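Student: I would like to learn how to read a model of this kind, one feature after another. Could we begin with what it means to call a residue buried?

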Amino acid sequence: MKNISLPALGMIAVASLLHGTSVHAADSSEQDRLERAVNDAIRPAMKENDIPGMAVAVTVRGKHYVFNYGVASRESGQKVTGDTIFELGSISKTFTATLASYAQLRGTLSFSDKASKYLPALAGSSFDTISLLDLGTYTAGGLPLQFPDDVTDQDKMIAYYRNWRPAYAAGTHRLYSNPSIGLFGHLAAASMGEPFDDLMERKIFPGLGLTHTYIRVPQDQMDNYAYGYAKSNKPIRVGPGPMDSEAYGVKTTAADMIRFLEANMDSSKLDETLQGAIAATHTGYYKIGDMTQGLGWEMYAYPTSLEQLQAGNSNEMSRNPNKANKLVPPQSPRRDVLINKTGSTNGFGAYVAFVPAKGIGIVMLANRNYPIPARVKAAYRILMALDKEPGSTGTR
């Protein structure tokens, strides 16, 4: 498979990495349309937000394409390539949810179980009455976005959970929270009797066919690991923190991430338990405005408007408590939805979205934590172009 160099921002296009066809074998008019659609949305976003480098992958009609822009390191001038590894930030939560769903299907836990069942240190705390599902949907009662700054190790983290008191009854309000879904993933791994990182890197990632996705980037891949850039423009990578692996710790390439989206649209090539686990993450448990909260994923009836997507990914939604309307029974996985997730670390900004009924999806990975409205706007523009591609209306 050959990389084809293209002008402007050092872009390289790699076609259909999963399906084994080359750029030359793809329909040239389709390739040209996709290239224009991606360029027209990404170039302005990079310029306006001073983004050093990006990798953008799209999937349509069973084929996917990766477009790489700019540099992985300003200091070395190393270009973004198909091997460049980016930090996913909170998109990692979708992998955490997949692991937890996998554990439930294996019978090691039930989402209705109380959280303290799997961590004896929490016995006698508020977590005696909070379920795993409450943690996985951010409805435990007001766990905050981040741990307090003084929570720096395992003992302090346990003490924080033991002393925490809910502000709301479980299942009544959604407050987006790393400590919430972080504990969800930690307890799922505990139920399986193995460390979270090991389960992800030895079972979940390989089971999904992901070959360049990591929590701990191995030494032989460090040269491919991009540097992120904070507001100071100094190079930065994510550091350790409580529940970091579970909440924001995954690093990957655009090609691997588009494979993950494709598996979420068509998991038939995976083993039966992973198929069920992926489907379970698309179950809708709560409605908050136009957004339906799944496990890790957030969903919207399709077609949806840019305004609805912007509202669902706004600071109001991510930083403040919002009344959650429980779906009884939970909404079964649907194909006529747009499923999305944002992710950020101090130096990286990412966004992914896909529409199962259309067989279309997009991955946007950048080594700058740029504003989420700009990500959603660019992705929506590209998705609408993909939706117009011939054959994109059929299921896969």
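Tutor: A residue is called buried when its relative accessible area is under 20%, exposed when that area is over 50%, and partly exposed in between, with a 1.4 Å probe and protein chains only. Met243 is buried, since its relative accessible area is 6%. Before going on, note that this is a predicted model, in which local features need pLDDT of at least 70 and side-chain atom pairs count only at pLDDT 80 or more, while totals for chains, interfaces and linings use all residues. Residues are numbered from 1 along each chain as its sequence is written, and side-chain values use heavy atoms, with hydrogens and water left out.

Student: Where does Met243 lie, and what is its phi?

Tutor: Helices (H or I, at least four residues) and strands (E, at least two) are DSSP runs, numbered from the N terminus. With those names, Met243 is placed in the loop between β8 (235-236) and α7, and its phi is positive, about 60°, although Met243 is not a glycine. Asp50, which is not a glycine either, has a positive phi of about 50°; Asp50 is in the loop between α1 (28-49) and β3 (53-60), and its relative accessibility of 36% makes it partly exposed.

Student: Which residues does Lys326 touch, and is Lys326 buried or exposed?

Tutor: Contact means heavy atoms within 4.5 Å. Lys326, found in strand β14, is exposed at 55% relative accessibility, and, leaving aside neighbours within four places in sequence, Lys326 is in contact with Tyr285 and Tyr286. By contrast, Gln221, in the loop between α6 and β7 (228-229), counts as buried at 14% relative accessibility; with the neighbours within four places in sequence again left aside, Gln221 is in contact with Ile85, His212 and Tyr214.

Student: What is the omega of the peptide bond from Val328 to Pro329?

Tutor: That peptide bond, from Val328 to Pro329, is cis with omega near -5°, and Pro329 belongs to strand β14 (residues 325-331). The peptide bond from Tyr302 to Pro303 is also cis, with omega near 10°, and Pro303 sits in the loop between β12 (298-301) and α10 (306-312).

Student: How should I read the packing of two helices, and at what angle do α5 and α6 pack?

Tutor: Axes are lines fitted to C-alpha atoms, for helices over the stretch in contact, and angles run from 0 to 180 degrees between N-to-C directions. Angles under 35 degrees count as roughly parallel, over 145 as roughly antiparallel, 65 to 115 as roughly perpendicular and the rest as oblique. Helix α5 (residues 178-192) and helix α6 (residues 196-207) pack at about 80°, with their axes 8 Å apart, and are therefore roughly perpendicular to each other. Gly185, Ala189 and Met192 of α5 make this contact with Phe196, Leu199 and Lys203 of α6.

Student: How many residues of each class take part in that contact?

Tutor: Ala, Val, Leu, Ile, Met, Phe, Trp, Tyr, Cys and Pro count as nonpolar, Asp, Glu, Lys and Arg as charged, and the others, Gly among them, as polar. The contact of α5 with α6 accordingly has four nonpolar residues, one polar and one charged.

Student: What else do the buried residues of α6 pack against?

Tutor: The buried residues of α6, among them Phe196, Leu199 and Met200, pack against α2, α5, α7 (244-248) and α9. For the partner α2, the angle with α6 is about 80° and the axes are 11 Å apart, which makes α2 roughly perpendicular to α6.

Student: Which residues have the most contacts inside the largest nonpolar core?

Tutor: In soluble globular proteins, nonpolar side chains tend to be buried together. A nonpolar core is a set of buried Ala, Val, Leu, Ile, Met, Phe, Trp, Tyr and Cys residues joined through side-chain atoms within 4.5 Å. The largest one here has 119 residues, and those with the most contacts inside it are Ile42, Phe95, Phe127, Leu135 and Tyr161. Helix α8 (residues 254-265) supplies the largest share of this core, eight residues. Phe95, when residues up to four places away in sequence are not counted, touches Leu88, Met200, Phe205, Leu208, Leu210, Val250, Met257 and Phe260.
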